[in-house]
Amino acid sequence: MGIKALAMRGMVAGCALAAGLFATAAMAADPIKIGVLHSLSGTMAISETTLKDTVLMMVDDINKKGGLLGRKVEAVVVDPASNWPLFAEKARELLQKEKVAAVFGCWTSVSRKSVLPVFEELNGMLFYPVQYEGEESSRNVFYTGAAPNQQAIPAVEYLMGPDGGSVKRWVLAGTDYVYPRTTNKILEAFLISKGVPKDDILINYTPFGHADWQTIVADIKKFASAGKKTAVVSTINGDANVPFYKELANQGIKATDIPVVAFSVGEEELAGIDTKNLVGHLAAWNYFQSVDSPENDAFIKQWKTFIKNDKRVTNDPMEATYIGFKMWTQAVMQAGTTDVDAVRQAMYGQKVRSPSGYDSVMNTNHHLSKPVMIGEIQANGQFQIVNQTKTAIKADAWSPFIPESAKLTADWTFPWVCGNCAEPKYGKLK
């Protein structure tokens, strides 16, 4: 090899070394911190712990790929312990003390409502990954779970139709807090608009962690004995679902008699229940582990590899967490910074090919376009998808079935720039 060739090789090697050193130095820079705000103890731990693990999986994955903006991503995990005021305290700690660039967290709407003033005061960014009641659009929150028109309304429409059993009587059973109460307000208005008499709607609420379901389930049986096909629409949250489903089985209620469609029960919750007596009951989500798509195969493989447990399942809020994290990283790369205002602007129009097999898109109302799926519980704790939309459905931040909400628009781009207004904030251009 000639002197010139040796010199060239030396230059290439030197450049490669310099590049490697630069990358190493960049990764050695201060990490980009993100907050993980999920209950790891208390009544909601049954659902939220998995979402903490999902964020850690995504952080591990992006760091293996070189980090974000050449910097390592670091997850700061806190435990608000199913204590709603503590959520706000921990959120403030993450934003002020830890200086996190974004927070992934909350499950119940009461926890989200608790932290909302903190995020708006400190201009933080929250990714909220769970189905909820709608009636909200904050400039500081991106809602990656389902709004009512992406879960509750389609589920009831399915049950009203011939494929769902042509249901005529309705039990709306929920945990006593804002999500079930607002969702049921929307559902009651929807049912009445479809000609369902008020006498054919029974609404019941129970506290978090409720354990004694014997009387309530007996009341449901009595309500269903009127000779009309009856279904239960469940917005029961957290570990109260375990004794609820056990009592259904104890009293011999089968899906063929009184189907239950749940909005907060997925694969993770069923993992703690003997499901052989629950076969045929339903859940409405935007994703199930049983989805047949290459993206889902990769998602499941990634999860089981990370968690090192083949028995751990995936579920809808995990997918919503995955989508939110992917969109945030794409927005950060597009903006070239973690600055909240710049990232917020870059979030609009972000698209992720999700494990559901659909393209999820972030709209300017801070909600996603997502598919809707109805799943039937199987004996193995999985769901067989019995109905799904052909396309992704855009979320309504405000329900058209509530008169005071029907007139409101959420659009954080010019000229609206608001989450709940009846006319553009900046009026018409002259």
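**A first walk through the predicted model**

Five strands make up an open sheet with parallel pairing, in the order 2-1-3-4-5. The model here is a predicted one.

Visitor: What is the bridge partner of Phe104 in strand 4?
Guide: Strand 3 (residues 102-105) and strand 4 (residues 126-128) run parallel, and two bridges join them. For Phe104, the partner on strand 4 is Phe127.

Visitor: At about how many degrees to strand 1 does helix 3 run?
Guide: Helix 3 (residues 84-97) lies across strand 1, strand 2 and strand 3. Helix 2 lies across strand 1, strand 2 and strand 3 too, running at about 165 degrees to strand 2. For helix 3 and strand 1, the angle is about 175 degrees.

Visitor: Are helix 2 and helix 10 roughly parallel or roughly perpendicular to each other?
Guide: The axes of helix 2 (residues 45-64) and helix 10 (residues 294-307) come within 10 Å and cross at roughly 95 degrees. Angles of 65 to 115 degrees count as roughly perpendicular. The two helices, helix 2 and helix 10, are therefore roughly perpendicular.

Visitor: How many nonpolar residues are in the contact of helix 2 with helix 10?
Guide: Helix 2 brings residues including Leu56, Met57 and Met58, while helix 10 brings Trp303 and Phe306, among others. Three residues of this contact are polar and three are charged. The nonpolar ones number seven.

Visitor: Is Thr329 buried or exposed?
Guide: Thr329 sits in helix 11. Beyond its neighbours within four places in sequence, Thr329 is in contact with Ile62 and Leu68. Buried means under 20% relative accessible area. Since Thr329 has 6% relative accessibility, this residue counts as buried.

Visitor: What is the relative accessible area of Phe383?
Guide: Phe383 is found in strand 15 (residues 383-388). Setting aside residues up to four places away in sequence, Phe383 touches Val265, Leu270 and Phe288, among others. Phe383 is buried, and its relative accessible area is 2%.

Conventions:
Residues are numbered from 1 along each chain as its sequence is written. This is a predicted model: local features need pLDDT of at least 70, side-chain atom pairs count only at pLDDT 80 or more; totals for chains, interfaces and linings use all residues. Side-chain values use heavy atoms; hydrogens and water are left out. Axes are lines fitted to C-alpha atoms, for helices over the stretch in contact, and angles run from 0 to 180 degrees between N-to-C directions. Helices (H or I, at least four residues) and strands (E, at least two) are DSSP runs, numbered from the N terminus. Angles under 35 degrees count as roughly parallel, over 145 as roughly antiparallel, 65 to 115 as roughly perpendicular and the rest as oblique. Contact means heavy atoms within 4.5 Å. Ala, Val, Leu, Ile, Met, Phe, Trp, Tyr, Cys and Pro count as nonpolar, Asp, Glu, Lys and Arg as charged, and the others, Gly among them, as polar. Buried means under 20% relative accessible area, exposed over 50%, partly exposed in between (1.4 Å probe, protein chains only). Two strands pair if DSSP finds at least two bridges between them.
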